[in-house]
Amino acid sequence: MKNYLFLLCGAVCLLVASCTKDEINYPFAVTEKAKPVSGPVIVLPPSGGDDTEALLEALNSASPGSTIQLTAGEYHLRYIEVYGFSGCLRGAGRDKTVISTYGLIDQAAQEALNYLPAWVKFIGGDVTLSDFAFDTGDGSLVTEPDLYYNQTLISLLSVNNYNQVFNSDEHQHMKFRIMNVDFHCGDMDPELSYLNQPYNVLMALWIGSDVFWPLEDIILTAGRYEIINCSVDNAFQGYEAFSLGEDAVLTIDRCSATDCLYGAYFTANYDSKVFISNNTFKTSLEGVLIEDNDWGLIPWVIPFRSVEYTVYGNAFWPGPGSRALTFKDSRGVISPDNYKPVLGIVKNNFLNLTEGSTGISCLNNIGATVKNNRFTGTGTAGVYINGAMVYDVWTGEELGTGESENVLILGNNFNDLEPTEAHIVLGELSKNCTVVGNGKESVIDLGTNNIVVGMKKTEGGYHAGLMIKDNLRMMHGMNR
């Protein structure tokens, strides 16, 4: 009895401490307004036809600090790549300036040069994009089918600090900000698309290596990247960051992903910091999926610290049978000697669950913190902690299962959640986790040495982890 009272007092102290006002400490200021124009302004009206060469000439000839001002109207662009631009490309407003495709995009030609195929590409420099919209229309955007991606455009906008023809020796850091920009993607025949999903764009915005397939070691992405007050609708996936390194900081703030399969996907990022805050994800498979699997593309990396993901103040609206937020560590199974656990800090989020959906999942993860989140709806479980099978993403081979350890769960509000299993599920491969409730919530604890205080224990088990069939991003490897 004394031990229980001591434990309860300690848990209450933790709970009180966690309920103080949470603040997110960005490494730089985040605002919704574009920087005031201080350099030359080049006004570029739409031509009514192909605007590609005129825009490229303006971007390539602009002096540092210039603003390329797009007026109201519709611009038409072929594939463009911009190197080392230092300035701002600004529209008259996301509902006034629209950039559409002109003709089809030759992805095969980009792949032949070993580039990651895209429609618009910015490499290096100090770039600000603001106040316009991309609009793809419906139907395929590419000239011919790809062996793996069929007739789906792989990325709409691609960004990195270097590639094989620019900044490839010094790998200087990039500054990139995109704000008040909409990505309106289109439908296409599922028989012609990637994995038979009805989207003509795989990734609306990609930040990471500009390599289709590594022929040598990939140097990790460096720089400061901000995605502010942007939106993506009707894409396979909204936002992705891949290959961020120790000198990379990424912020996604006040953005949205609507009617997408995945809202955002992060993997193969090491020693970097990622802030995901105040966004809205309305998705049908995964709101945000965070992994550390390098897909066999950068196996040479030896991380020296945990990559930090702060997921704060977001609203998740997962579709039936889907997941809102998932952390899955795979490297502990794939490369245990070079493994640093992904550090997940998940707080002050709102999750409205639907039938069969799961709120926050920590799979094979060590040391995550899940606190002060609010759950509503009728999902399967609000929080799910367990080990999960790790697969070879190219062959589907089972590589082994990890454990989730030392996860801290406290201060969460489950009052308006009616789960079919329990508010919190600690699976058989959970270990040394701490759960603090207010006495009203239910918990299933099948793990080892978990500490559960202030929750009603219930019988049952929830075994639907993140399997290979659940992660469509893994499936294309099996088609190669």
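Which residues form one aromatic cluster together with Phe 236 and Tyr 262? Tyr 149, Tyr 194, Tyr 199 and Tyr 265 complete that cluster.

The views below show a predicted model, in which local features require pLDDT of at least 70 and side-chain atom pairs pLDDT 80 or more, while totals for chains, interfaces and linings use all residues. Residues are numbered from 1 along each chain as its sequence is written, and side-chain values rest on heavy atoms, with hydrogens and water left out.

**Figure 1. Overview of the protein.** The secondary structure comprises five helices and 38 strands; helices (H or I, at least four residues) and strands (E, at least two) are DSSP runs numbered from the N terminus. Of the 480 residues, 57% count as buried, where buried means under 20% relative accessible area, exposed over 50% and partly exposed in between (1.4 Å probe, protein chains only). Contact is defined as heavy atoms within 4.5 Å. Among contacts between residues at least 6 apart in sequence, 75% join residues at least 24 apart.

**Figure 2. Stacked aromatic pairs.** The whole structure holds 17 aromatic pairs. Rings of Phe, Tyr and Trp (its six-membered ring) pair if their centres lie within 6.5 Å; planes under 30 degrees apart count as stacked, over 60 as edge-to-face and the rest as tilted. Trp 206 and Phe 242 are stacked, at 5.6 Å centre to centre and with 25 degrees between the planes. Because Trp 206 belongs to strand β11 (residues 201-208) and Phe 242 to strand β14 (residues 237-242), this pair ties together parts 36 residues apart in sequence. Trp 206 and Phe 242 are both buried. A further stacked pair consists of Phe 236 and Tyr 262, with 5.9 Å between centres and 20 degrees between planes. Phe 236 lies in the loop between β13 (231-233) and β14, and Tyr 262 in strand β16 (residues 256-267), so that the pair links distant parts of the chain, 26 residues apart. Phe 236 and Tyr 262 are likewise buried.

**Figure 3. Lys 282 and the ring of Trp 317.** The charged end of Lys 282 sits over the Trp 317 ring, 5.7 Å from its centre. A charge is taken to sit over a ring if NZ of Lys or CZ of Arg is within 6 Å of the ring centre and within 35 degrees of the ring normal.

Figure 4. A search of the whole structure finds zero disulfides, a disulfide being a pair of cysteine sulfur atoms within 2.5 Å. For Cys 185, the nearest cysteine sulfur is that of Cys 260, 7.1 Å away. Cys 185 is buried, with a relative accessible area of 9%. Cys 88 also counts as buried, at 7% relative accessibility.

**Figure 5. Parallel pairing of β27.** Six of the six residues of strand β27 (residues 381-386) are buried. Strands pair if DSSP finds at least two bridges between them. Five bridges join β27 to β24 in the parallel sense, and Ile 360 has Val 383 in β27 as its bridge partner. The pairing of β27 with strand β33 (residues 422-426) is also parallel, over four bridges; here Tyr 384 stands opposite Val 425 in β33. In a regular strand, side chains alternate between the two faces of the sheet.

**Figure 6. Surroundings of Asn 365.** Asn 365 occupies the loop between β24 (358-363) and β25 (369-371). The residue is buried, with a relative accessible area of 0%. A polar atom of the Asn 365 side chain lies 3.4 Å from the backbone nitrogen of Ala 368. Residues up to four places away in sequence aside, Asn 365 touches Asp 329, Val 342, Glu 403, Ser 404, Glu 405 and Val 407.

Figure 7. Strands β28 (residues 389-391) and β29 (residues 398-401) run antiparallel and are joined by three bridges. Val 390 stands opposite Gly 400 in β29. Six residues lie between the strands of this hairpin, in which Gly 396 adopts a positive phi near 80 degrees. Gly 402 is found in the loop between β29 and β30 (404-405) and counts as buried at 13% relative accessibility. Beyond neighbours within four places in sequence, Gly 402 is in contact with Val 333, Asn 364, Gly 387, Ala 388 and Leu 429. The C-alpha atoms of Gly 402 and Arg 331 are separated by 9.5 Å, although the two residues are 71 apart along the chain.

Key. A polar contact is a pair of N or O atoms within 3.5 Å; within protein, one must be able to donate a hydrogen and the other to accept it, and residues adjacent in sequence count only if both atoms are side-chain atoms.
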